[in-house]
Amino acid sequence: MSSDRLNRTFAALADPTRRAILARLLSGEASVTELAEPFAMSLPGISKHLKVLERAGLIVRGREAQWRPCRLEPRPLKDAADWLEHYRRFWEASFDRLEAYLKDLQGKGKQRGRRH
Amino acid sequence: MGADIDAAADIVAADTTDRQLVVTRVIDAPRPLVFRAWIEPDHVARWWGPQGFTTTFCDMDIRPGGKFRFCMRSPEGTDHWKRGIYREIIAPERIVFTFAWEDAAGNPGHELLTTVTFAEQGTRTKLTLHQAIFQTVEACNDHHRGWTSCMERFAEYMTPAQARKA
């Protein structure tokens, strides 16, 4: 996954309003008006957030001129989650080795012998 | 598609103010030793990376602003390079660094700000690793509480503009 795309995904997710919009879209498509309802925000304000989400590829908007429903595009979020999971596994695996290494190191110091 | 939606829900709905990856581990070794294992190349090369990987290159300039670059070789013989810059080295309590994998052309990928804290628990040490995912200035503004390292990044970000004015 490209760094630019990840940067865009994370930058888009960094804002709580945008996360709330995405959370709303998890339950189905919605119009800009519907999305604006829970927030004390003007329609242009919401539109700005939607543009960020759209540029990040996190939502797609319908073509109809009047009512352009927004729909969640889960792929980049899935990729970001996978990428984070990769890091988690990397650290967990490294910590396993660190733990074993330090155990070994201390064992050697104290009793001159290998643990395994 | 179902699995994609679940993963999406996971990353969106996790109601955390600081979106971070957190990994903790209690290690049965005294804190000064655990800390040394992070800052001395001979130690680091012995444990960094998953089982079966070997560290074939390890260059660490341990000081704030110092760079590091490692190469990890997989059991299949593939090299994985990673690099970063140390932000804080506070022995034996805390290390803060940026961290990114390089692609095949040597370009760094998405950079994460990583904070490792070492807490004494009797003769053992609790290691906590945070990876801050959001590093935009906007995120710094959102999550200003106690996020000093992020603010330092913000300061760095601002400095060139001010320097130009001066």
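**Exercises on a predicted two-chain model**

S6(B) and S7(B) pair in the antiparallel sense over nine bridges. The model is predicted.

**Exercise 1.** Trace the pairing of S6(B) with S7(B), then find the other strand listed here as a partner of S6(B).

*Solution.* Step 1: start at the hairpin of S6(B) and S7(B), where two residues lie between the strands. Gly122(B) takes a positive phi near 65° in this hairpin. Step 2: move along to Phe118(B), which stands opposite Leu127(B) in S7(B). Step 3: turn to strand S5 (residues 94-101) of chain B, which pairs with S6 (residues 112-121) of chain B in the antiparallel sense over six bridges. Here Arg94(B) stands opposite Thr117(B) in S6(B).

**Exercise 2.** Determine how the buried residues of helix H2 (residues 16-25) of chain A are arranged around its axis.

*Solution.* Step 1: list the buried residues, which are Arg18(A), Arg19(A), Ile21(A), Leu22(A) and Leu25(A). Step 2: look down the axis of H2(A); the buried residues fall within an arc of 155°, so they line one face of the helix. Step 3: compare with helix geometry. An α-helix has 3.6 residues a turn, so residues three or four places apart point the same way.

**Exercise 3.** Describe the side of chain B that touches chain A.

*Solution.* Step 1: count the residues in the contact, 35 from chain B and 36 from chain A. Step 2: assign elements. Those giving two or more residues to the chain B side include helix H1 (2-13), strand S1 (20-27) and strand S7 (124-132) of chain B. H1(B) provides the largest share, nine residues. Step 3: sort the chain B side by class, which gives 22 nonpolar, six polar and seven charged residues.

Terms used: Residues are numbered from 1 along each chain as its sequence is written. Chains are lettered from A and ligands numbered from 1 in the order in which they are written. This is a predicted model: local features need pLDDT of at least 70, side-chain atom pairs count only at pLDDT 80 or more; totals for chains, interfaces and linings use all residues. A residue is buried if 20 or more other C-beta atoms lie within 10 Å of its own, exposed if 12 or fewer, and partly exposed in between; C-beta atoms are placed from the backbone. Helices (H or I, at least four residues) and strands (E, at least two) are DSSP runs, numbered from the N terminus. The arc is that of the directions from the helix axis to the C-beta atoms. Two residues are in contact if their C-beta atoms, placed from the backbone, lie within 7 Å. Ala, Val, Leu, Ile, Met, Phe, Trp, Tyr, Cys and Pro count as nonpolar, Asp, Glu, Lys and Arg as charged, and the others, Gly among them, as polar. Two strands pair if DSSP finds at least two bridges between them.
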